[in-house]
Amino acid sequence: MGLTLQVTHERFALRAPFAISRGTKTHADVVSVMLEADGKRGFGEAVPYARYRETVEATLAAIETAAAALDGTSHPRDLLDLLPAGAARNALDAALWDLTAKRAGRPIADLLGLPPPLPLTTAYTLSLSDPAAMGRAAAHAQGRFSVLKIKLGGEDDIARLEAVREGAPAAKLIIDANEAWSADTFAALQPDLARLNVSLVEQPLPADADEALAHLKRRVPVCADESAHTLADLPSLAGKYDAINIKLDKTGGLTHALELKRAAQAAGLTIMVGCMVATSRAMAPAHLLAQGASFVDLDGPLLLAHDRPTPLRYEDAMVAPPATALWG
């Protein structure tokens with residue numbers, strides 16, 4: 001039974017430059033997949049990430065090679081043996097789930113034995129900038145978003161955080177250092193993080209130097225991001241992290257992400273579901289994964305100048321489940 005593949009590189013401009021501790025981006029490079037069988041089409045999207053030594057070119061090639069081993073009877077679980085975790089597998093996984101659902105005439109949640117997805121409250125991310133600019137951005141966002149994610153990673157981090165707290169005094173704050181701090185810096189910052197009522201700190205230390213967290217008394221819960229990709233990473237998080245940020249581009253798709261979520265919950269970790277900067281097509285499967293998560297960060301499309309023709313529906317911080325025309 002034939003299966004037709006279309007895989008493309010697309011570039012989406014951002015509304016404004018977006019900075020983290022590793023650099024600034026002005027556009028999102030995504031890889032889009034379409035799989036067709038029996039007149040039905042399934043779609044997926046992923047973001048190759050340089051931090052994980054991924055490129056658009058290598059991702060396109062990996063998808064084409066793996067798709068050659070698929071046919072109209074293939075199941076998303078088959079991809080676990082064809083591709084490693086990462087963007088290539090994520091794009092194919094999403095497309096194959098979407099195709100499977102459309103051919104069956106049933107929602108993906110139903111196929112997975114999950115309840116129908118409900119609207120979620122997403123965090124909104126503030127780009128790394130000078131304190132005054134971040135304070136203004138927080139004040140502008142506070143009327144719409146009850147949870148703000150703050151990019152940090154420099155000498156003025158406490159000044160930035162104080163400006164954000166002043167601009168949004170009632171907001172729940174997530175801090176994301178993107179591996180930019182040392183153990184000594186994080187230890188020194190903890191009293192201020194507690195004073196300013198930070199709810200969660202994402203990946204304060206480099207992934208290859210996070211053993212120091214096991215010996216550091218934490219005054220604010222710490223979440224693994226770059227240190228946590230798949231089930232294989234879960235044992236190494238014990239004693240160092242209180243939460244895990246699950247992203248489909250790290251797990252290689254929804255199939256493995258659901259397994260990681262269940263295992264992380266059983267290990268006592270708080271669940272956060274995050275995203276790369278991408279379109280609604282990439283957020284749609286993450287929305288299903290994020291059901292019941294304590295922290296949701298699916299604001300990627302809000303950072304873009306333009307989204308897909310049938311985007312997710314955002315009403316301030318609330319994001320509705322995707323229409324089937326988009327995914328699922």
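Where does Glu179 lie? Glu179 sits in the loop between strand E7 (172-176) and helix H6 (183-195). Helices (H or I, at least four residues) and strands (E, at least two) are DSSP runs, numbered from the N terminus. This is a predicted model, in which local features need pLDDT of at least 70, side-chain atom pairs count only at pLDDT 80 or more, and totals for chains, interfaces and linings use all residues. Residues are numbered from 1 along each chain as its sequence is written, and side-chain values use heavy atoms, with hydrogens and water left out.

Stay with Glu179. Its phi is near 70 degrees, a positive value in a residue other than glycine. Glu179 is buried, because its relative accessible area is 12%. Buried means under 20% relative accessible area, exposed over 50%, and partly exposed in between (1.4 Å probe, protein chains only).

Gln203 is found in the loop between strand E8 (198-202) and strand E9 (222-224). Gln203 is not a glycine, yet its phi is positive, at about 35 degrees. With 0% relative accessibility, Gln203 counts as buried. Glu155 is in the loop between strand E6 (147-151) and helix H5 (157-167). Glu155 has 83% relative accessibility, so it counts as exposed. From Glu155 to Cys223 is 68 residues in sequence and 22 Å in space, C-alpha to C-alpha.

On a 1 Å grid over the protein atoms alone, a cavity is a set of points where a 1.4 Å probe fits but cannot get out. A pocket is an open set with protein on both sides within 12 Å along at least five of seven lines. Lining residues have an atom within 4 Å of a point. Grid points are joined across faces, edges and corners, and a volume is the space filled by probe spheres set on the points.

The count comes to one cavity of 30 Å³ or more. The largest cavity holds about 100 Å³ of space. It is lined by 14 residues, and Asn90, Leu248, Asp249, Met276 and Ala282 are the closest to its centre. Helix H2 (87-104), helix H8 (248-251) and helix H10 (280-289) each supply at least two residues of this lining. H10 gives the most, with four residues. The lining of the largest cavity divides into nine nonpolar, two polar and three charged residues. Here Ala, Val, Leu, Ile, Met, Phe, Trp, Tyr, Cys and Pro count as nonpolar, Asp, Glu, Lys and Arg as charged, and the others, Gly among them, as polar.

What is the setting of H10? Ten of the ten residues of H10 are buried, so this helix is largely enclosed by the rest of the structure. Among its buried residues are Arg281, Ala282 and His287.

The largest pocket has a volume of about 650 Å³. Of its 33 lining residues, Ile20, Lys25, Tyr49, Met276 and Val277 are the closest to its centre. Strand E1 (4-20), strand E2 (23-37) and E6 each give two or more residues to this lining. E2 contributes the largest share, five residues. By class, the lining of the largest pocket has 13 nonpolar, seven polar and 13 charged residues.

The second largest pocket has a volume of about 480 Å³. Its lining has 19 residues, with Ala16, Tyr124, Thr125, Leu126 and Leu303 nearest its centre. E1, strand E5 (124-126) and helix H4 (131-141) each supply at least two of the lining residues. This lining has 13 nonpolar, four polar and two charged residues.
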